[in-house]
Amino acid sequence: MDAEQLSLVEWRAWLPGHARQFLFFARQQTRCEADAEDVLQEALVETWNRTPDHAPPPLPLVYATIRRRAIDLARSNERRTRRELHDDPARPALFEDETEMTGMRDLLESGLKGLGDDQREVVILKVWGGLSFDEVGAALDISPNTAASRYRYGIEALRKTLKPLLV
Amino acid sequence: MNDSNSEMDAFEQQLRRLQPARPSDALMARLENPQGLRQARTGMNRSALIRFLVPGLGGAIALLVILAGWFVMHHELFHVSRTAKFLPAPASQAPLVCTSMTDAVVAAHDDGIYAGVDGRVVQVIHLLDINKSVWKEPRSGNRMEIVVPRQQILVNNINTY
């Protein structure tokens, strides 16, 4: 087995653990599902090629590349001047369909939609991406303190939205 | 503060219970399959190629047009043909034939009688005549008329007795 095959085996073992978080983030950055998938694929190819020996890339680098690719796509297509959420009415649900949490899922999607872009991306990277504030800052090109501040405001807003369901 | 942090942590835990939707099998195949990666890379290269090739090609065509224009403006062959139209037509080398020539006095003026130092007496008369000649170019039939006014002085001896 040569080095490239070995890296592909490693890649395939690494990818499933992060794919849904990557796609979730890509969906927030794009306007439709097809764009999200294309942006994700291009970002993964880019980071895979940029990483020495094609080793699994650092997570902040992947998220930063997804974000940059989405911005580039939006600019090239001139589809919008600012990123908007859920423009595609046929877009699949953001979260897994778990029957006992359907109410929370709908409220959470609505709450995320109501957040500003800056807060939403920080919340997603921290809560579902599992990044630290340092890593979130690196991915979004902001300071860790700024990331923490945006996160706090975003979580507070979500808590108000989900308050009826919280015990 | 600690209560606030623990509340936030608990809320985060609740949020994390909702898992982001799993990518479709088709997308996972695209991401996992090395051929998918290579296809995407090829597609990316193609789009990059188009992005840079089209403006490059346009620039090359514009450069060619400019060079062609410069060549037309400055090359000897084009220079001669371009300026030739501003030159007068070459003169005919065929001899002209005089078809008529007339000489008519149109005016006469008597200047009076003068006595010369040698004792002679003369009458001076000014004559004005028009000399008109017509020339023809046999090949084309073009005609040219030349009109020349002339002045003559007649001196007539007057006999004295």
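Predicted model: local features only at pLDDT ≥ 70, side-chain atom pairs only at ≥ 80, totals over all residues.

Colleague: Thanks. So at what angle do the axes of α3 and α4 of chain A cross?
Modeller: Helix α3 (residues 33-50) and helix α4 (residues 59-77) of chain A cross at roughly 130°, and their axes come within 9 Å. By the convention above, α3(A) and α4(A) are therefore oblique to each other. The crossing of α3(A) past α4(A) is right-handed.

Colleague: Which residues make that contact?
Modeller: On the α3(A) side you have A:D35, A:V39, A:L40, A:E42, A:A43, A:L44, A:E46 and A:T47, and α4(A) brings A:L61, A:V62, A:T65, A:I66, A:R69, A:A70 and A:L73. Sorted by class, the contact has nine nonpolar, two polar and four charged residues.

Colleague: And how does α4(A) pack with α7(A)?
Modeller: Their axes are 8 Å apart, at an angle of about 35°. This crossing is right-handed too: that is how α4(A) passes α7(A). A:L59, A:P60, A:Y63 and A:A64 of α4(A) meet A:E135, A:A138 and A:A139 of α7(A).

Colleague: Let me zoom out. How many helices and strands does chain A have?
Modeller: Chain A has eight helices and zero strands. Reading from the N terminus, the order is α-α-α-α-α-α-α-α.

Colleague: What share of chain A is buried?
Modeller: Of its 167 residues, 39% are buried. As for contacts in chain A with a separation of 6 or more, 68% of them involve residues 24 or more positions apart.

Colleague: What about the phi of A:D141?
Modeller: A:D141 has a positive phi of about 60°, although it is not a glycine. For background, most residues other than glycine have a negative phi.

Colleague: Where is A:D141, and is it buried or exposed?
Modeller: You'll find A:D141 in the loop between α7 (133-140) and α8 (144-162) of chain A. A:D141 counts as exposed because it has 9 C-beta neighbours inside 10 Å, and the cut-off for exposed is 12 or fewer.

Colleague: Switching to chain B, then. In what order do the strands of the sheet run?
Modeller: The three strands form an open sheet in the order β1-β2-β3, with antiparallel pairing. The edges are β1 (97-115) and β3 (143-157) of chain B; each has a single partner strand, so one side of each is left without a neighbour in the sheet. From one strand to the next, the twist averages 15°.

Colleague: How many bridges join β2(B) to β3(B)?
Modeller: There are 15 bridges between β2 (residues 121-136) of chain B and β3(B), and the two run antiparallel. For landmarks, B:D129 has B:R150 as its bridge partner in β3(B), and B:K136 has B:R143.

Colleague: How many residues lie between those two strands?
Modeller: Six; β2(B) and β3(B) form a hairpin, and B:G141 in the turn has a positive phi of about 85°.

Colleague: How many residues of β3(B) are buried?
Modeller: Zero of its 15 residues, so β3(B) lies largely in the open.

Colleague: I've also clicked on B:V124. Which residues does B:V124 touch?
Modeller: Leaving out residues up to four places away in sequence, B:V124 touches B:D111, B:G112, B:Y114, B:I153 and B:V155. B:V124 itself sits in strand β2 of chain B. With 14 other C-beta atoms within 10 Å, B:V124 is partly exposed. The C-alpha atoms of B:V124 and B:Y114 are 7.5 Å apart, and the two residues are separated by 10 residues along the chain.

Colleague: Last topic: how many residues of each chain are in contact across the two chains?
Modeller: 22 residues of chain B contact 27 residues of chain A. In chain B, α1 (2-16), α2 (25-32) and α3 (34-74) each supply at least two residues of the side that touches chain A.

Colleague: And by class, how does that side of chain B divide?
Modeller: The side of chain B that touches chain A has 14 nonpolar, one polar and seven charged residues.

Notes
Residues numbered from 1 in each chain as written. Chains lettered and ligands numbered in written order. Helix = DSSP H or I, 4+ residues; strand = E, 2+ residues; numbered from the N terminus. Buried ≥ 20, exposed ≤ 12 C-beta atoms within 10 Å, placed from the backbone. Contact = placed C-beta atoms within 7 Å. Pairing = 2+ DSSP bridges. Axes fitted to C-alpha atoms, helices over the stretch in contact; angles between N-to-C directions. Nonpolar A, V, L, I, M, F, W, Y, C, P; charged D, E, K, R; others polar. Parallel < 35°, antiparallel > 145°, perpendicular 65-115°, else oblique. Left-handed = near helix turned anticlockwise from the far one by under 90°.
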